[in-house]
Structure formats: C-alpha cells, structure tokens
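Subject: Structure for you to look at

Hello,

Here is the structure I said I would pass on. My notes follow below it.

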Amino acid sequence: ANLTWGGYTLKEIEIYNDPDTPSGPPSEPSVPEEPENGNYALIAEVSTNVGQDTWTEPWNSPANLHDGDTATEIWRAGTAADIEGKDYYQFDWENPVSVNQVVLVSRQGLATCPTAWRVQVLKDGADDWVEVASISDVEWEYGANDDNTLLEEKELSFELQENVIGLRLWIDKANLTWGGYTLKEIEIYND
C-alpha cells in the first residue's frame, strides 16, 4: 500500500458471484428449494462409499436413487461380509432442510432388498454425523418368483431434524438371494 500520508484509504469493496458480470448489490439469502412432491432427495446431491467395481451394469449410478424414476435402480453385488454395516448412501443439500422420514422403494424385496438400515444426519455447523433412527427385521412382501414390476415401499419415520445439510442411509443387513441387493429410490421427506 502507498503509505505517503501515514495510511491508506478504500472507498468500496464489492464481492460478486461471477467476476465477469457484476450485477449490483448482493441478493437476498437463498431460501431452500421446495422439492417436487415433497421429496427432498430430488434436490440433493447423492454419493456413496460403495466402489464402482461392485455395481452391476447398467445399474451403476447412485444417481438412480434420487431421479424420481422407478424404472431405474441400483444393483449392488456382494456378500453379507462385503455389504452389511459397510454401505451407505449420502444425500447433501446446499441449503439446510428439515426432514423426518426416509422411504425405500424397491422390488422383489424378499430376495434382494435391505432388511435393516439406519439414518444419520449432519446439521449445518456441526462436525459429526448423528444417528437419528434405525430399523431392523423389515419384511418385504414380494419375492424372487413374483412379478418384478410390483413395487414396495418401506418407511422409517423419526423426530423432525432441522438445519440438515447431509443425510446418510446405512445398509446394515439385506436379503442377498441373488448375490446382492437392489433399490429403486430413496425418498426423503418432512412429513
């Protein structure tokens, strides 16, 4: 700085999102987007700790779990030792949301679906994931010999969690008749 007169002067500091196109004063703080059908999974970024080498083509994208399309799914191949208590699917939001329910949608659950899972949340400003709910001994209705277009939903409700920026669904146990499990959708609500 030029300190000829014993200091320096600033007239203004402007901060923009896009330095190539300044647009004037800052906008209002962003408000969480309202999801279609109330399903907050639709507006989240989804990721997983499951390696891509464990997916069976063409069901190889965790994005299938929140696309709102029950014609898509994931198929996670593996044994109980590979899967149970180790797999999670993570949903992240740019703006905090309030949630109190997770719904799993799938098919042929007696052969290929999770039977125990737990939910953790990460709140804005927090450093640690906190478990808020779990379910075990889930019984699905349809099996390997049933029509694979028959969909089932299993829900897990819990106390309202506010200011949530992340949610993890851990698979703790699954029916693995065909050497893996399948999920069509993971839906997340404030119901």
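This is a predicted model: local features need pLDDT of at least 70, side-chain atom pairs count only at pLDDT 80 or more; totals for chains, interfaces and linings use all residues.

Gly125 counts as exposed because its relative accessibility is 72%, where exposed means over 50% relative accessible area, buried under 20%, and partly exposed in between (1.4 Å probe, protein chains only). Gly125 belongs to the loop between β4 (114–123) and β5 (130–135).

Residues are numbered from 1 along each chain as its sequence is written, and side-chain values use heavy atoms, with hydrogens and water left out.

The protein as a whole: it has two helices and eight strands, in the order β-β-α-β-α-β-β-β-β-β from the N terminus. Helices (H or I, at least four residues) and strands (E, at least two) are DSSP runs, numbered from the N terminus. Of the 191 residues, 41% are buried. The accessible surface is about 11,000 Å², and carbon and sulfur atoms hold 45% of that; the areas come from the Shrake-Rupley method with a 1.4 Å probe, and for residues only the protein chains shown count as cover.

The aromatic residues: a search of the whole structure gives one aromatic pair. Tyr88 and Trp170 form this pair, which is tilted, with 4.7 Å from centre to centre and 55° between the planes. Rings of Phe, Tyr and Trp (its six-membered ring) pair if their centres lie within 6.5 Å; planes under 30 degrees apart are stacked, over 60 edge-to-face, and the rest tilted. Tyr88 is in strand β3 (residues 87–107) and Trp170 in strand β6 (residues 151–174), so the pair links parts of the chain 82 residues apart. Both Tyr88 and Trp170 are buried.

Tyr88 also has Arg168 over its face, 4.3 Å from the ring centre. Likewise, the charged end of Lys154 sits over the ring of Trp140, at 5.7 Å from the centre. A charge sits over a ring if NZ of Lys or CZ of Arg is within 6 Å of the ring centre and within 35 degrees of the ring normal.

Last, the strand pairing: β2 (residues 74–77) and β7 run antiparallel and are joined by four bridges, where pairing takes at least two DSSP bridges. Trp75 stands opposite Thr182 in β7.

Regards
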